[in-house]
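Here is a short briefing for a first look at this structure. Keep the sequence and the 3D view open as you read.

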Amino acid sequence: MALSGLDIYKLLPKTNCKECGKPTCLAFAMALAQKKAELSQCPHVSDQAKEALGAASAPPIRLVTVGEGENKLEIGNETVLFRHEATFFHPTGLAVTLSDSMDAPAIARRIEAVKALRFDRVGRSVSVEMLFVKNDSGDAGKFLSAAKAAADSGLLLILASENPAAMEKAVKESGAKKPLLYAATPENANAMAAIAKSSGCPIVAKAPPDKLVDLTSALGAAGVKDVVLDPGFRRLDECLWAQTQIRRLALRRTFRPLGYPVIAFAASPDPTMAAMQAAVMISKYAGIVVLDVTEPWAYLPLITWRLNVYTDPQKPIQVEPKLYEVGAANHDSPVLVTTNFSLTYFTVEGEVEASRVPSYIVVVNTDGTSVLTAWAAEKFTADTIAKAVRESGVENKVRNKKLVIPGGVAVLSGKLEEALPGWKVCVGPREAVGIPSYLKNTWPSL
């Protein structure tokens, strides 16, 4: 039976030291009861309390790590069913298949194609992280060769063979990379558990839902703690049902045998359909999604969606509020102003770059809100804009002091000219898409 916050509080040191990140021990106890904190965050908890609270305070979904050091993927340890309840913490890993039935040149081309799946989004470099190496040939030697090539790629590995002998050989060569082993089944559980335990690698438990609990329990009894679940479904509706039920049981009922992250497969050979399937699985609730396509255009919207889902809704992505130069800006360049919400800034920057008119952009600190939201909240005002312009030093960089403000806040132009003596305030387009035309056609005549 789950302990209440008050039950947990009775076992804590009650020092209110704040070292756990909470203002009081009672607040920490409530967070533990809600599975929003871990007992290890309290540096003063007694051994007796650890023993009593260890199981009760364990996260409902275990954190599983694939890889090691800086090159690793952490999945699991989620605390809510719906993102708006708090946030999702560990983004879904994306894996691309690599068959050992390919010849060596084809394997090398496939690996290079996966490594090239890297994109820049809102100032961040994002990519596909993993290779799913399949023992399609059934030959242990070919599987070993493919695993070696994949291990040298720098990508994270999932070794996929239900043959314990083939898996053992591949793990001996690549086990230092801490790959995810796919998969333990009811038929090979003992042998696969031994490999996972001796290598310290996480392992996938693959079984129909009615046998999955017995399988994870058997792996746990064998000393294997880091488990990823595969309920075996490949149809999208079945995957969605299974992943939702597993998440509900883990979070709402603290059902430990299913308290693990899930691996899912976007099984369609069509890149468009595979990307759509993967997007659904990222939303509900895959820790890893495996795809059989390498087309970059299929991954860019998928990775963008992953970024959106795993961004804290209470903490917008922000850029540093300062002066930015786009192109070889000089003393005759236009000066634009916008907010520090990442999506707003990078949209504006992209359109300015597309115009090929070297420009300055003054970014105002609005706590990561968009132009109209910041204006409504009185964070993007004549005073805040004037302060940002003065502190940016742009006044010393331009000869023609003309400041372009977003058209949606044209009402600020009069007060802004009063706050910035010597500057002419120009009203730009309402939407960023109008910036190239504005800078090419309107700006020169101002």
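Which residues does Leu291 touch, not counting residues up to four places away in sequence? They are Leu94, Ala95, Val96, Thr97, Ala266, Ala274, Ala275, Ala278, Tyr299 and Leu302. Touching, or contact, means heavy atoms within 4.5 Å.

This is a predicted model: local features need pLDDT of at least 70, side-chain atom pairs count only at pLDDT 80 or more, and totals for chains, interfaces and linings use all residues. Residues are numbered from 1 along each chain as its sequence is written, and side-chain values use heavy atoms, leaving out hydrogens and water.

**Cores**
- The largest nonpolar core has 73 residues, and Leu159, Leu291 and Tyr299 touch the most other members.
- Another core, of 25 residues, lies apart from it; Leu323, Ala388, Val398 and Val409 are among its residues.
- A nonpolar core is a set of buried Ala, Val, Leu, Ile, Met, Phe, Trp, Tyr and Cys residues joined through side-chain atoms within 4.5 Å.
- Buried means under 20% relative accessible area, exposed over 50%, and partly exposed in between (1.4 Å probe, protein chains only).

- Eight strands form an open sheet with parallel pairing, in the order 10-9-8-7-6-3-12-11.
- Strand 10 (227-230) and strand 11 (263-266) are the edge strands, each pairing on one side only.
- From one strand to the next, the twist averages 30 degrees.
- Strand 3 (residues 93-99) and strand 6 (residues 130-134) run parallel and are joined by five bridges.
- Ser99 has Lys134 as its bridge partner in strand 6.
- Two strands pair if DSSP finds at least two bridges between them.
- Helices (H or I, at least four residues) and strands (E, at least two) are DSSP runs, numbered from the N terminus.

**Helix packing**
- Helix 11 (residues 296-309) packs on the sheet and touches strand 3 and strand 12 (288-291).
- The direction of helix 11 makes about 145 degrees with that of strand 3.
- Helix 10 (residues 271-283) packs with helix 11 at about 10 degrees, their axes 9 Å apart.
- Helix 10 and helix 11 are therefore roughly parallel (angles under 35 degrees).
- Their contact residues divide into ten nonpolar, two polar and one charged.
- Here Ala, Val, Leu, Ile, Met, Phe, Trp, Tyr, Cys and Pro count as nonpolar, Asp, Glu, Lys and Arg as charged, and the others, Gly among them, as polar.
- Axes are lines fitted to C-alpha atoms, for helices over the stretch in contact, and angles run from 0 to 180 degrees between N-to-C directions.

**An exposed loop residue**
- Pro421 lies in the loop between helix 15 (413-419) and strand 17 (424-427).
- Pro421 counts as exposed because its relative accessibility is 65%.

Definitions and conventions: Parallel < 35°, antiparallel > 145°, perpendicular 65-115°, else oblique.
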